[in-house]
Amino acid sequence: MFRRVLGKTLGFLGYTVQYGCIAHCAFEYIGEFVACSGPSMEPTITSHDVVFSERLSRHLCRIEKGDIVIAKSPFDPHMNICKRVIGLEGDKICTSGPSDVFKTHQYVPKGHVWLEGDNLRNSTDSRSYGPVPYALIRGRVCLKLWPPHNFGALNQSPTGRIVKRSD
Amino acid sequence: MFRRVLGKTLGFLGYTVQYGCIAHCAFEYIGEFVACSGPSMEPTITSHDVVFSERLSRHLCRIEKGDIVIAKSPFDPHMNICKRVIGLEGDKICTSGPSDVFKTHQYPRLPQPTLRPAISLKPITVPKGHVWLEGDNLRNSTDSRSYGPVPYALIRGRVCLKLWPPHNFGALNQSPTGRIVKRSD
């Protein structure tokens, strides 16, 4: 009697581990659903929006300028950030403000990307913490799922900050 | 006949995907075997040594000073680096490298980062969420002294056991460099 219960419990645990592993690999290699919070990507993504972030681009290194990515925060390994890729390795980023007299530039080092939020006035991004290693990127946001009236692909960058061409 | 072959093929693929996923999760959450190359961790780890790197410490955030970790290279997402943790967030590191790694990054467009000339002896404070990594072979190691603190999220696992060569099997030695930060201020 006890053996039967033990056998059934182990069998149940075995199935849980099995399907848990398959689900984990699906989220790791195909895509995941992300609930965003914060104002840094307005108006493209607002707080409490749900988006779908696909993983294939990151694994195949096909992240491009203008993509919105989910990345691990450089300052908190448990938190994720959602920003737009403004520049890739080798690009020259203008780091001075539009009203500054002296223009300053910074080059994105090898293996890094420059991330900025669409809401430039209310976004902590590479302008404060510098370029982000490419390896911290988790996935590329490709579809907005919630709210339903905004369902679909995401808009282009409203800021005009994307680096046009690397020198 | 064709249906039977198709059924068996799909069944075989199903089993492969299933056990592939389980193996992937085992390597992701338990540990993995790593073949090291390069001189930067001599004499603790030499080129062609095989070590076991456990993942639980990283996921439970139990990486400590003095641990040898495998991390993704900040400059090449496909490469891994094997270094020792010298300091954690908040620690002050004495280095003759650049004093303000985040504000004054001015990398020229070279394929590899170049060692900056010594410009100050001011200690660097490791920022939140970062660690300071150095190789045991200080003269022949490209580490945080050249590329700055590394985000904690790039760490993959903690090396806990040397497996090859057999005469060196066992736990790894303490740091021979004496660079580990004693206490954070």
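How far apart do the end C-alpha atoms of residues 17-96 of chain A lie? They are 52 Å apart in this predicted model, and the legends below take you through the views one by one.

View 1. UniProt, in an unreviewed entry, places the feature "domain: Peptidase S26" at residues 17-96 and 102-146 of chain A. Residues 17-96 of chain A are 21% helix and 39% strand. For residues 102-146 of chain A, the figures are 9% helix and 44% strand, with 43 Å between the end C-alpha atoms.

**View 2. Helix α1 of chain A, from end to end.** This helix takes in residues 2-29, which makes 28 residues.

**View 3. The buried residues of α1(A) and what covers them.** Look here for Gln18(A), Cys21(A), His24(A), Cys25(A) and Glu28(A), which are buried in α1(A). An α-helix has 3.6 residues a turn, so residues three or four places apart point the same way. The cover over the buried residues of α1(A) includes α2 (56-59) of chain A and also α1 (2-29) of chain B.

**View 4. An open sheet in chain B.** Here 7 strands of chain B line up in the order β1-β2-β9-β3-β4-β7-β8, with antiparallel pairing. At the edges stand β1 (31-35) and β8 (150-151) of chain B; each has a single partner strand, so one side of each is left without a neighbour in the sheet. Strands of a sheet pair through backbone hydrogen bonds, either parallel or antiparallel.

**View 5. Strand β7 of chain B and its partners.** On one side, β7 (residues 130-134) of chain B pairs with β4 (residues 76-87) of chain B over 3 bridges, in the antiparallel sense. Among the bridge partners, Leu133(B) goes with Val85(B), and Glu134(B) goes with Arg84(B). Strand β7(B) is also joined to β8(B) by 2 bridges, again antiparallel, and there His130(B) has Pro151(B) as its bridge partner.

**View 6. The two faces of β7(B).** How many of the residues of β7(B) are buried? The count is 5 of its 5 residues, so to speak a mostly covered strand. His130(B), Trp132(B) and Glu134(B) point one way from β7(B), while Val131(B) and Leu133(B) point the other way.

Technical notes: Residues are numbered from 1 along each chain as its sequence is written. Chains are lettered from A and ligands numbered from 1 in the order in which they are written. This is a predicted model: local features need pLDDT of at least 70, side-chain atom pairs count only at pLDDT 80 or more; totals for chains, interfaces and linings use all residues. Side-chain values use heavy atoms; hydrogens and water are left out. UniProt positions are given in the numbering used here, feature names are shortened, and annotations may be inferred rather than shown by experiment. Helices (H or I, at least four residues) and strands (E, at least two) are DSSP runs, numbered from the N terminus. The expected span of a helix is 1.5 Å times one less than its number of residues. Buried means under 20% relative accessible area, exposed over 50%, partly exposed in between (1.4 Å probe, protein chains only). Contact means heavy atoms within 4.5 Å. Two strands pair if DSSP finds at least two bridges between them.
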